[in-house]
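The sequence and coordinates are shown first.

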Amino acid sequence: MLSVLEEVVRRAAAEAGAPGFDVVSEAPPSPALGDVAFPTAFGLARVLRRPPRAIAPLLANALRERPEVARVEIAGPGYVNVFVRRRAWLAAAETPRDPEPVDGVHIVEHTSINPNKAAHIGHLRNAALGDSFARILRYLGRDIEVQNYIDDTGVQVADVALGFHALRGASAADVRELARAPRFDYLCWDLYTEVSRWVESDPEAATLRREALHGLEHDEEPWAGIGAAVAEAVARRHLETMDRIGVRYDLLACEKTIVRLSFWDRAFELLRDAGAIRRPDEGRNLGCWVMETPLAQDGQKVIVRSNGTVTYVGKDIAYQMWQLGLLDREFRFRRFFDYGEAASRAAWITTDGEGDADPPRFGQAALVHHVIDARQAYPQQIVQESVARLTSESDRERTRHFSYEMVSLTPATVAALGLAGAAAGDGGAVEVSGRKGVGVKADDFLDALIERARGEVAQRNPELEAGQRDEVARDIAVGALRYLMVRVTKNQPIVFDLEEALAFDGATGPYLQYAAVRARKILGRAAAPLPERLPAPPPDLDEQMAALDEGEAGDLWVLLREAAGLGAAAARAAEHEDPQVLARWAYEGAQRFNAFYHRYPVATEPAPALRALRLFVVETFFFQHRLGLGLLGIPVPWRM
RNA sequence: GCGCCCUUAGCUCAGUGGAGAGAGCAACAGGCUACGAACCUGUAGGUCGGGGGUUCGAAUCCCUCAGGGCGCGCCA
């Protein structure tokens, strides 16, 4: 609807003598000034060499011809302010408009935690961002496939395998037995830091570690067996943890299968034949295969080491080629993790062994987003560059780095958790480090939130039985966590403070949930059924609103108008590649609704017409707000 | 040295080149006889890091300086 008006102004600008003029609309500072504002006349003034006040009427007249426009005013030095026909405007809000429709599958790859230790607060940011992004795109109509890359042959898994073998004397069978413990990943967390300290202080351990890594890569025992047991069990734990906050995956892509199924060998041939990589005859990279690029400091980025092994960047090139359907190789797939209910949905995993029959189709994507922290911007650029050289320049645009900043800890949090090995930087923030064991584990944090929520729920709802109370507490904890992770722009580093994170007042998940719960309670009080689709506005909405006193008309209309803006907010979030945009929409909506519900009685309003109108506002808000929260993975508790 | 990100109220953060720069927390003053106050209303709090420039108009774009974070490996 908005784009229709923009198009009208664009045409009017063209007729006035400025074809192709970039027309943008904005929200007026107050509802009294209109619903949509065009500052277009200012820009046109320069092009047309006429004052803005002379140009504005041309735009206004064009807008007045549209059926969805009720009134147009020219304000101040030349703003064109549009008052829309409200019923028509709301009716058009049902279907969101995808700003960049994708023809084919769109992969969102996120989480991708090394499967050698428990997930921590930093991984939660990745998963929450990736999952929300995927949900938003799906809402806009995209065919989304969620992948999770598992580095099961890297040094991190090698370290824990080394720990089990050398420090614990455990076999692969022993590890599989240990992995039956409910939080095996916690055990690995501690072992990993133990090994890291050992390797730092003992040269012999460093030698053993190289041996373990080599064993993982070349399928040699005992390393391969122990490593596989660790990686599979910990990856499973990560899926359990993420499932607790509503994050699910379609496919786990394992590095091991990329190597074993010769994806890299094939990618290497392609890179070599395309001249994208070459062997230097001299210099310090003698004996390697390198890609020449100005991105690298000395103009060369090593892809294959002089000992013949491939770097992480090389493996990622092969993986991304496969994701884009540019590699003539295919994985085999195994069903790996069933998600509750009727097991209607499951996460699959790649395998180099026997695959299950009839797996879903994976890969062959038109577009891929890689949710990876900002530190990896450089290697991601190298991978993009490689893909472009192997195929076409346009393929570079098909693989994108969804970059976000890191999570660190406040000194107070480090102290409260008694984290040893933590060194505060000058800025006060403490870097999360799996290697050092410095971090807030995801499950611990969620448990703490649940505990805090349980207390709040018990206090407010003493009549609830334990099971109900726990269910509500879980929903609140998930809401608090998910909102915390997306309320700030992804480019802003987060310094995590435990006490602050446990707060449920103000701009928090529970605040957003509270508005939804209140709205639903009102519907219940009014004996109105919960809306199953966006409620249709009454035919005489515009007339009814005109009959209200000005203050209430403004309050109700802004609530309706902004609720109808969910699709636009989702589209902006997709464009900016940042769920924060939608989180802001949800927060502002909750704020408006809370103010509304204090000011205007609904179920208890005696005048039937007014009651019906306010009820329509509540229904519309509730439907859209719950939908928006769902896109952020925030559940609506049945009670608070 | 090169590249990316950040710098807005005491703190944590929003802010499409456009109309008095906004929230939350903290502080202060109010509001529960329940569509339940996890809420609402109000007060106070600003050199948008500094300086130039472009523009009718700059927190927003460009240049520059300063401060902070992170990259630039035959680690992943």
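Q: In the loop between which two helices is alanine 527 found?
A: In this predicted model, alanine 527 has a positive phi of about 55° although it is not a glycine. The loop that holds alanine 527 lies between H19 and helix H20 (541–547). The two helices are therefore H19 and H20.

Q: Is the peptide bond from glutamate 221 to proline 222 cis or trans?
A: Proline 222 is found in the loop between helix H9 (203–217) and helix H10 (223–244). For the bond that joins glutamate 221 to proline 222, omega is near 5°. The peptide bond is cis.

Q: Which residues come nearest to RNA strand B?
A: There are 63 residues around RNA strand B. By class, this surface has 32 nonpolar, 16 polar and 15 charged residues. Those that come nearest are Tyr79, Arg305, Tyr597, Pro601 and Met640.

Q: Which helix gives the most to the surface near RNA strand B?
A: Several elements each supply at least two residues of this surface, among them helix H2 (40–48), strand S3 (79–84), helix H14 (377–390) and helix H16 (442–460). Helix H19 (509–525) and helix H23 (580–599) also each supply at least two. With eight residues, the helix that gives the most is H23.

Q: What percentage of the atoms of RNA strand B within 4 Å of the protein belong to sugar or phosphate?
A: The atoms of RNA strand B within 4 Å of the protein divide between sugar or phosphate and bases. The part that belongs to sugar or phosphate is 63%.

Q: Which glycine in the hairpin of S2 and S3 takes a positive phi?
A: Strand S2 (residues 69–75) and S3 pair in the antiparallel sense over six bridges, and valine 69 stands opposite valine 84 in S3. Three residues lie between the strands of this hairpin. The residue with a positive phi near 55° is glycine 76.

Q: Which are the edge strands of the sheet of seven strands?
A: The seven strands form an open sheet with mixed pairing, in the order S9-S10-S6-S5-S4-S11-S12. Each edge strand pairs on one side only. The edge strands are strand S9 (332–339) and strand S12 (399–404).

Q: Which residue in S10 stands opposite arginine 332?
A: S9 and strand S10 (residues 345–351) pair in the antiparallel sense over seven bridges. Opposite arginine 332, the residue in S10 is threonine 351.

Q: What angle does the direction of helix H13 make with that of S5?
A: Helix H13 (residues 312–323) packs on the sheet, touching S4, S5, strand S6 (251–254), S9, S11 and S12. The direction of H13 makes an angle with that of S5 of about 160°.

Q: Which residues in H24 does H5 meet?
A: The contact of H5 with H24 has four nonpolar residues, two polar and one charged. On the H5 side are Ser132, Arg135, Ile136 and Tyr139. In H24 they meet Leu627, Gly630 and Leu631.

Q: In S15, which residue is the bridge partner of valine 407?
A: An open sheet of three strands has the order S14-S13-S15. Three bridges join strand S13 (residues 407–409) to S15, and these two run parallel. The partner of valine 407 in S15 is isoleucine 494.

Q: With which residues is glycine 428 in contact, leaving aside its neighbours within four places in sequence?
A: Glycine 428 is found in the loop between helix H15 (411–417) and S14. The C-alpha atoms of glycine 428 and threonine 410, 18 residues apart along the chain, are separated by 6.7 Å. Leaving aside those sequence neighbours, glycine 428 is in contact with Leu409 and Pro411.

Conventions
Residues numbered from 1 in each chain as written. Chains lettered and ligands numbered in written order. Predicted model: local features only at pLDDT ≥ 70, side-chain atom pairs only at ≥ 80, totals over all residues. Heavy atoms only, no water. Contact = heavy atoms within 4.5 Å. Helix = DSSP H or I, 4+ residues; strand = E, 2+ residues; numbered from the N terminus. Nonpolar A, V, L, I, M, F, W, Y, C, P; charged D, E, K, R; others polar. Near = heavy atom within 4 Å. Pairing = 2+ DSSP bridges. Axes fitted to C-alpha atoms, helices over the stretch in contact; angles between N-to-C directions.
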